[in-house]
Amino acid sequence: MTSQALDEIKIGGLGSSRKRVEDDRFIRGRGNYTDDITLPGMLHMEILRSPLPHAIIKSIDTSKAWEIPGVHLVLTGEMMATRNLAWMPTLSYDTQAVLATDKVRFQGQEVACVIADDPYIAKDACEAIEVDYEPLPPIVNPWQGLAEGAPVIRDDKTGQSDNVVYNWEVGDKAGTDRAFEQADAISKLELHYPRSHPSPIECCGSIADFNRATSKLTVYMTTQAPHIIRAAVAMVAELPEHMIRIISPDIGGGFGNKVPVYPGYVCSILASILLERPVKWIEDKTGNLISTGFARDIYLKGEMALRRDGKILGVRMHTDADHGAFFSDAQPSKFKIGLMHSAFATYDIPAAHLTARGVYTNKAPGGVAYRCSFRVTEAMFFQERMIQAAADDLGMDQAAFRRMNFVRDDDFPHRTPFGFLTDSGQYAKCLDVGLAAIDYDNFRKEQAEARKRGRLLGLGISTMTEPLGAGNSREYDILGIKMFDSAELKVHMTGKALLRTGAKTQGQGHETTWAQIVAHELGIPADDVTVEEGDTDTAPFGMGTYASRSTPVAGAAVAMVSRKIRAKARKLAAHLLEVSEEDIEWELGRFYVRSSPSRGVTIQECAMAAYSNMPDGMEPGLENTAYYDPPNLTWPFAVYIVTVEVDPETGVWDVLRMVAVDDCGVRINPMIVEGQIMGGLTEAYAMSSMQFITFDADGNCVGSNYMDYLLPTAWETPGYELHSEVVTPCPHHPIGAKGIGECAAVGGPAAFVNAVIDALSGTGVRNIDMPVLPDRVWEALTYRRDVSGAPPVRQD
Ligand code: CDP
């Protein structure tokens with residue numbers, strides 16, 4: 001490094017806790033969300049939803065709605081069917097009703113739409129539509145769906161004679177059977193991960209604007225994956241792809257909720273084509289909570305084969321997933337139950353076998369990857385609850401049992417029991433940091449002392465490693481579209497730059513962090529780099545942002561395109577310095593002559609030369625694009641430790657401390673990473689302690705508003721102690737980064753539940769399913785029994 005080298009932190013490069021540039025407009029109330037956009041001549045659409053979960057539609061009478069002044073169009077399934085649009089394909093090779101024709105299959109399903117001068121007229125007109133329903137028995141859990149003689153929900157599908165969506169398996173059945181034959185002990189646990197909803201503050205919405213004169217369709221919409229939506233619209237509406245422009249403006253949170261294609265998008269597009277005017281649809285909160293993609297709702301029967309000394313010999317898992325009425329998860333096509341088979345990736349286990357069954361029920365589509373890499377949240381929750389139960393069954397210490405079975409640092413690359421290849425990690429070190437931080441040994445003593453005085457203290461540990469960054473394209477695709485991502489970088493002649501990627505930020509701060517990668521690679525100050533995402537006419541093709549894939553894939557593409565730019569800039573530098581390329585050295589932001597370090601040119605000088613003084617034969621300009629197909633997923637690791645106190649009189653439990661040790665490889669922006677972890681832990685706390693959205697026996701959605709489905713405020717949210725001292729760079733990512741966005745939401749829930757169960761140790765209670773509400777804890781303590789199943793539809 002010469003004395004002229006730049007200070008990377010000062011220019012906002014890797015490791016700089018640069019303030020989020022996007023916050024400037026958000027704090028000033030100048031964000032540009034879909035609902036902020038008004039187009040000339042714009043009309044408004046509202047949706048009529050089914051009040052019943054399961055019913056035959058005998059007739060729909062729209063005549064009174066048409067008569068209301070200001071109504072321009074009333075759409076029904078019958079009208080959609082004439083254009084072959086009553087049904088659409090889902091991202092999991094199923095079909096989904098756009099507007100119901102034959103039956104309604106969940107409460108809140110879209111039945112008709114009204115397009116009017118304003119949303120109030122449209123809403124009133126929806127109420128004037130008369131639908132004659134003949135109710136059918138509702139199915140609200142997989143067991144009802146699988147029962148003999150259960151009504152077939154998807155009788156629209158040829159050959160579908162029951163409610164099974166799929167049966168799928170993975171792993172080594174024979175090896176696992178052998179492990180169980182050799183076991184000294186078998187630990188069993190049955191769990192339910194309840195239905196939850198990502199519930200972003202901004203609901204879904206779209207503004208479709210079809211221009212007959214140009215034949216171009218522009219859609220502003222709340223999507224995390226604009227290019228996938230463009231492909232879906234091209235296929236569903238049979239419009240030419242180059243005449244479709246999807247613009248995803250600022251998004252008020254996605255968390256997986258804004259990946260699927262929803263009927264409202266399709267209806268607003270058709271309405272705009274028919275009316276030749278822009279049509280805006282903005283969903284209300286209840287509409288969002290009852291009809292858009294739910295997550296989880298999955299039951300586990302788990303078994304672990306154990307050696308007396310604590311070694312895990314094998315694992316068996318069977319899951320039953322409640323998919324609602326349509327199988328519309330966005331997940332890599334070949335894995336029916338997402339990446340559930342990432343379970344036990346943390347541990348060195350010789351054999352494992354997973355069977356998974358999906359069931360249709362009369363609920364809105366489930367299985368959306370809510371802050372989760374396709375079912376990894378469930379996988380890690382089941383893993384860590386089973387680990388705790390197994391340690392308890394063996395009478396072993398929680399931490400010692402985990403440490404004994406961890407994949408060791410020198411075991412990488414490691415083949416997980418279900419066949420993934422993990423490449424790096426320091427699991428035991430992370431655990432040590434966490435145990436030291438929580439003062440583990442002292443807490444155990446304190447816990448024993450407190451017990452003598454009738455106080456119930458508990459400590460829960462959870463670890464997780466998450467497969468983040470789908471693709472590679474060999475193994476991961478959605479509807480056959482290979483999973484990779486992209487970045488395009490244009491360096492202007494003054495050395496300022498414009499970067500575009502195929503990802504789409506929804507609050508994660510890409511505008512800040514991508515510029516930091518460019519700063520790191522090129523020495524262009526991050527403040528000189530504008531980042532744009534979300535417009536399919538300008539951004540390079542990409543698969544969007546979910547499953548914490550942005551940093552592993554699009555972030556890698558940003559590094560790679562910067563390196564392409566640097567390679568061209570090197571040629572320009574050689575030309576300017578009148579030496580050969582081989583004699584040139586690079587330091588941050590500057591090329592210099594190896595033999596004479598004071599003779600150099602900055603990247604900005606190279607940029608100017610690209611437009612004004614390039615060597616003969618060189619293509620002018622300094623622009624490039626990189627498509628990045630990662631060789632593997634990235635595997636961040638984390639240890640979360642929670643201590644709680646449970647009130648034996650009321651079942652209320654309070655978090656005493658929460659320690660988080662996250663190893664996500666190289667941190668681009670430590671402040672943003674910490675924000676991601678805190679947000680994820682808060683969602684984990686919400687899911688484990690209070691979030692309750694379920695269905696009663698009649699199929700009514702209970703919890704379809706924020707009075708019932710609780711979001712923790714600052715008042716309830718516990719304090720977090722974050723640790724960043726363990727850094728294991730990803731060996732294949734160009735800057736050594738691993739994803740982080742979801743880790744805490746994935747690994748956090750088990751830590752909270754494990755802590756409460758630990759507080760109840762000695763009572764015989766092995767499980768309380770989430771949400772661990774005080775009345776459930778009280779019931780468990782009072783009757784000394786497990787409280788399991790999906791509330792309130794319970795067997796007891
Ligand atoms: O795909 P998504 O953006 O949701 O998740 P991510 O790739 O894990 O990134 C979340 C945010 O954290 C982004 O702004 C990343 O650039 C940032 N991040 C980071 O600064 N360092 C990492 N090692 C990973 C992510």
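## Salt bridges in the model

In this predicted model, the structure contains 56 salt bridges. One of them links Asp156 to Arg105, with 3.2 Å between the closest N and O atoms. Asp156 belongs to the loop between α5 (142-146) and β9 (164-171), while Arg105 belongs to the loop between β6 (103-104) and β7 (110-116), so the pair ties together parts that are 51 residues apart in sequence.

The two partners differ in their surroundings. Asp156 has a relative accessibility of 26% and therefore counts as partly exposed. Arg105 has a relative accessible area of 0% and is buried, because a residue must fall under 20% to be given that description.

## A network of charged residues

Asp156 and Arg105 also take part in a network of salt bridges.

## A salt bridge within a helix

Which helix holds both Asp177 and Lys173? Both residues lie in helix α6, which covers residues 173-182. They are four residues apart, about one turn of the helix, and their side chains meet in a salt bridge with an N to O distance of 3.0 Å.

Asp177 is partly exposed, at 23% relative accessibility. Lys173 is likewise partly exposed, with a relative accessible area of 45%; the reason is that values between 20% and 50% fall into this class.

## An exposed pair

Asp410 and Arg408 form a further salt bridge, in which the closest N and O atoms are 3.5 Å apart. Are these two residues buried or exposed? Both Asp410 and Arg408 are exposed.

## An open sheet of four strands

Four strands form an open sheet with mixed pairing, in the order β25-β24-β23-β29.

Strand β23 (residues 485-491) and β29 run antiparallel and are joined by six bridges. Ser486 stands opposite Tyr627, a residue of β29.

## The helix across the sheet

Which strands does helix α14 lie across? Helix α14, made up of residues 510-522, lies across β23, β24 (497-501) and β25. Its direction is at about 130° to that of β25.

Note on methods:
Residues numbered from 1 in each chain as written. Predicted model: local features only at pLDDT ≥ 70, side-chain atom pairs only at ≥ 80, totals over all residues. Heavy atoms only, no water. Salt bridge = Lys/Arg side-chain N within 4 Å of Asp/Glu carboxyl O. Helix = DSSP H or I, 4+ residues; strand = E, 2+ residues; numbered from the N terminus. Buried < 20%, exposed > 50% of the residue type's maximum accessible area, 1.4 Å probe, protein only. Pairing = 2+ DSSP bridges. Contact = heavy atoms within 4.5 Å. Axes fitted to C-alpha atoms, helices over the stretch in contact; angles between N-to-C directions.
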